[in-house]
Amino acid sequence: MLDIIAPFFERLYETTGLNFSPFYDPYDWNRLLRGMWVSVELIIAIIALSLVIGVIGAGAQTSRIRAVRWLVAAYIEIFRNTPPIVQLLFFYFGLGAITPQVDMGGWYEPMIGSFGWAVIAIGIFGGSYNVEIFRSGVEAVPGTTVEAAEALGFTNFQIFVYVTLPLAFRFCLPALTNNIISLAKTSSLAYVIAVPEITYSLSGIWSDSVNVPEMMVLLFVYYIVLVAIIARLMSSLERRLALPGYGQ
Amino acid sequence: MITADNWTPDQPIVALHDVHKSFGENEVLKGIDLEVMKGEVICIIGPSGSGKSTLIRTINGLTPVTRGSVKVEGQEVHDPDLDKLALRRKVGIVFQQYNLFPHKTVLQNVMMAPVLVLRENKDEVRERARSLLAKVQLNGKEEAYPAELSGGQQQRVAIARSLCMRPDVMLFDEVTAALDPETVKEVLVAIKQLAGEGMTCVLVTHEMGFAREISDRVYFTDAGRIVESGPPAQIFETPKDPRTQEFLSKVL
């Protein structure tokens, strides 16, 4: 692939001075690919964690135990009302400093690396929004539908899993799409704790080659394409889950 | 005293004694006594707000009572230690708004409870669900989603869904009140067929002609009390209480 495009970008650089080094220099090319790959991994992990937190949190919010409800409320207040970058620094430098080190046979590595902390911090941040998003979906499920399940002998857990959750998920899908897209973009904050995702990789390249504007363009294009793909996936999910005839 | 252990089928399958229910300050049921024998069809009629729906919902424990006793097959419904699952296996209910699961097909709606709650074999349940749907004239609609059906069709799915649990008693809470006049009949036909097969039915209804035709006994309620009860001919032709007379003169 690089062989095909390299001559063009080399010539572009020579004639115009526009230096897209990853498109002709194998070393930068690998940095770009690796950055993209780590970025995608990071985004998938963050979204997955935030969804799990969202479902569990929304379930816990309906708990009969007051302390559990209170805990969920406190979690939302803390993580929704503080900037994600502060949370990231808090997790990485605050908690990271006191987590145990693992003996790797002669040298020590932290149990959770920068990638792990980025997933935890941004996942928890996104989860706090997802709890509220799922809650809005749960509240939109008609009480009478839940009552019908109750009358058929479903346990509370079965009602949540088979009736409330599938309906709530459909009702909150548009809001969830917004948050997932926002999280994909927030993943670039992992840059500040040196996770080698795309923003970090490209900043390495522009420090070496002093081609900031070109790499910025690349970064923009990357995120635009990525978000477009996510939006596509979510809207096809929405179509697939649509309830035939419902609300018409 | 009758309990779940010494109950026999010749005793009332449903027995309410001195049932009171308040929502805050508002007392909706003010001492209800009602007995239903196995195979009987009972209609509860009366003006809106007289507590009919609340009354029927106490029978399967959807509405907890404030005072009094509700027994199904001798089992106290409002006993805090009651196995609610066992009760709900015995008592099916059909609601005014059908309340089907909109994300499941018709067949899945009917199959869900026996498979999940009773843990019955899926193939057997499917067989039974199909024959119940055929019985309520819904063959060919198995794969449709609830929102693609008319109100009358949805209500018949709801009836099949309840029946698939093989209940001993069926409760019908104003099941035709939300339907178009043309579709009311198809639902009533399904209920009538069921009653004809010996199912114990308790209905809250505004369909006076139907109540008169189908019931063994009719209860007339007003302001949280049972004003009078008896065979339909007696209630509809020679009502004793002036409140019953007034109500019937308005609706008939």
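Helices (H or I, at least four residues) and strands (E, at least two) are DSSP runs, numbered from the N terminus. This is a predicted model: local features need pLDDT of at least 70, side-chain atom pairs count only at pLDDT 80 or more, and totals for chains, interfaces and linings use all residues. Residues are numbered from 1 along each chain as its sequence is written, chains are lettered from A and ligands numbered from 1 in the order in which they are written, and side-chain values use heavy atoms, with hydrogens and water left out.

Start in chain B. B:Gln153 sits in helix H5 (residues 151-163) of that chain. Its relative accessibility is 19%, so B:Gln153 counts as buried. Buried means under 20% relative accessible area, exposed over 50%, and partly exposed in between (1.4 Å probe, protein chains only). Neighbours within four places in sequence aside, B:Gln153 is in contact with B:Leu138, B:Lys141 and B:Glu186. Contact means heavy atoms within 4.5 Å.

Two loop residues come next. B:Gln137 lies between helix H4 (122-135) and H5 of chain B. B:Gln137 is not a glycine, yet has a positive phi of about 60 degrees. With a relative accessible area of 58%, B:Gln137 is exposed. B:Glu73 lies in the loop between strand E4 (67-72) and strand E5 (75-76) of chain B. B:Glu73 is not a glycine either, and its phi is positive at about 50 degrees. B:Glu73 is buried, at 12% relative accessible area.

Now turn to chain A. H2(A) and helix H7 (residues 156-186) pack at an angle of about 140 degrees, their axes 11 Å apart. H2(A) is therefore oblique to H7(A). Axes are lines fitted to C-alpha atoms, for helices over the stretch in contact, and angles run from 0 to 180 degrees between N-to-C directions. Angles under 35 degrees count as roughly parallel, over 145 as roughly antiparallel, 65 to 115 as roughly perpendicular and the rest as oblique. Residues making this contact include A:Ile43, A:Ile47 and A:Leu51 of H2(A), and A:Phe160, A:Leu176 and A:Leu183 of H7(A).

Helix H8 of chain A spans residues 198-209. Its buried residues include A:Ile198, A:Leu202, A:Ile205 and A:Trp206. Helix H2 (26-61) and helix H9 (212-241) of chain A are among the elements that cover the buried residues of H8(A). Just after H8(A), A:Val210 takes a positive phi of about 50 degrees.

Finish at A:Glu132, in helix H5 (residues 114-140) of chain A. A:Glu132 and A:Ile76 are 56 residues apart in sequence, but 8.1 Å apart in space, C-alpha to C-alpha. Neighbours within four places in sequence aside, A:Glu132 is in contact with A:Gln61, A:Ile76 and A:Arg80.

Technical notes. The expected span of a helix is 1.5 Å times one less than its number of residues.
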